[in-house]
Amino acid sequence: MTKNNRNLFQSINKDILKGFKRIYWFNYFKLKKIFLNLKSVKIKKHNISILYPTRERSVKFNRMLNSLIINCNDPSRINIMLLFDTDEPELEKYKDVISDKLYKNLNFQIHIKDLKNHAIRNNYLANISKDLILFPVNDDIIFKSKNWDKYIDEEFSKIDISKPYCIWTDTGQKYPYLHSDFPILNKAWYERLGYLSSEIFNHWYFDTWICDLSVRSKKFHLSPDIKIYQYSAHSIKAEVDATHLRITKNDNASKDKIIWDESISIRINDATKLIN
């Protein structure tokens with residue numbers, strides 16, 4: 001077999017495997033949705049922690065917050081946990097946003113601490129949260145679903161919230177049953193692993209790690225009713241800002257890809273912890 005023929009065979013084989021994977025997870029979610037919907041459950045209402053590490057993005061914070069509040073069923077149980085660096089230059093601007101009367105029914109916590117990366121920051125907030133539901137978000141998102149918090153109640157009422165679990169939101173992926181950019185977790189996930197997502201990366205792979213463990217443990221399902229839109233600076237030039245440039249410098253994405261490829265044994269082991 002020539003090199004070209006071998007490469008062609010490998011490419012075809014890879015596409016076939018991808019196709020089988022899509023079919024498997026599409027049917028898995030369909031069947032799991034039917035099974036979960038057959039259960040007669042009482043909807044339980046929980047407080048929700050929005051985990052929000054941020055820097056120099058007070059305008060985007062206001063955009064996110066506006067979409068959150070206008071689509072929220074009960075803002076009184078939403079706890080916005082903000083985390084700033086000690087040298088945050090826009091701290092007063094963030095406080096001005098918080099003081100807007102539109103957001104008066106939300107609960108805000110301001111935490112100031114210098115931490116190394118995205119995962120460490122989110123894990124810090126998860127640790128100090130007193131809520132059973134933890135929702136890590138970014139500055140560049142908006143909430144698209146009306147009553148998004150009510151849907152979260154419905155989804156977590158279908159499972160035993162005392163055990164590790166993850167709800168995937170619909171973030172506009174072509175195949176939403178293969179990945180979610182903004183998964184929602186319960187406190188039991190953090191307590192079982194000691195983290196929401198691994199701290200071994202420079203910045204990236206926060207959601208990818210969570211989704212990988214979700215798939216391996218099957219402790220998750222997709223909620224197409226919870227829709228999130230992301231104004232990604234990777235595809236929208238107007239979204240590029242100082243924070244994005246700082247995150248993307250030093251080729252951290254390539255470095256994190258190497259770390260990801262070398263972490264499979266850790267992921268397998270930690271997914272097992274979610275099951276047992």
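User: How do you know that the span of α2 agrees with its number of residues?

Analyst: In this predicted model, the 13 residues of α2 should span 18 Å at 1.5 Å a residue, and the end C-alpha atoms of α2 are 18 Å apart, so the two values agree.

User: Which residues of α2 are called buried, and what covers them?

Analyst: Buried means under 20% relative accessible area. In α2, this holds for Ser58, Lys60, Phe61, Met64, Leu65, Ser67, Leu68 and Ile69. Their cover includes the strands β1, β2, β3 (107–112) and β5, together with the helices α3 and α5.

User: Which residues touch the most other members of the largest nonpolar core?

Analyst: They are Phe61, Phe135 and Trp148, in a core of 36 residues. At least two residues of this core come from each of β1 (48–53), α2 (58–70), β2 (78–84), α3 (91–98), β4 (133–136), β5 (141–143), α5 (148–157) and β8 (220–230). The most is given by α2, with five residues.

User: What is Trp148 in contact with, leaving aside its neighbours within four places in sequence?

Analyst: Contact requires heavy atoms within 4.5 Å. On that basis, the partners of Trp148 are Ile48, Ile50, Leu68, Asn71, Cys72, Ile78, Phe135, Phe143 and Ile226. Another core, of 33 residues, lies apart from the largest one; among its residues are Tyr28, Leu83, Tyr195 and Ile210.

User: What makes Ile16, Phe20 and Ile23 a nonpolar patch on the surface?

Analyst: A patch of this kind needs residues with over 30% relative accessible area, and nonpolar side chains are joined within 5 Å. Ile16, Phe20 and Ile23 form such a patch, with about 320 Å² of accessible area together. Ile23 is placed in helix α1 (residues 3–38).

Conventions:
Residues are numbered from 1 along each chain as its sequence is written. This is a predicted model: local features need pLDDT of at least 70, side-chain atom pairs count only at pLDDT 80 or more; totals for chains, interfaces and linings use all residues. Side-chain values use heavy atoms; hydrogens and water are left out. Patches are made of residues with over 30% relative accessible area and no salt bridge: like charges are joined within 9 Å, nonpolar side chains (Val, Leu, Ile, Met, Phe, Trp, Tyr) within 5 Å. Accessible areas come from the Shrake-Rupley method with a 1.4 Å probe; for residues, only the protein chains shown count as cover. A salt bridge is a side-chain nitrogen of Lys or Arg within 4 Å of a carboxyl oxygen of Asp or Glu. Helices (H or I, at least four residues) and strands (E, at least two) are DSSP runs, numbered from the N terminus. A nonpolar core is a set of buried Ala, Val, Leu, Ile, Met, Phe, Trp, Tyr and Cys residues joined through side-chain atoms within 4.5 Å. Buried means under 20% relative accessible area, exposed over 50%, partly exposed in between (1.4 Å probe, protein chains only). The expected span of a helix is 1.5 Å times one less than its number of residues.
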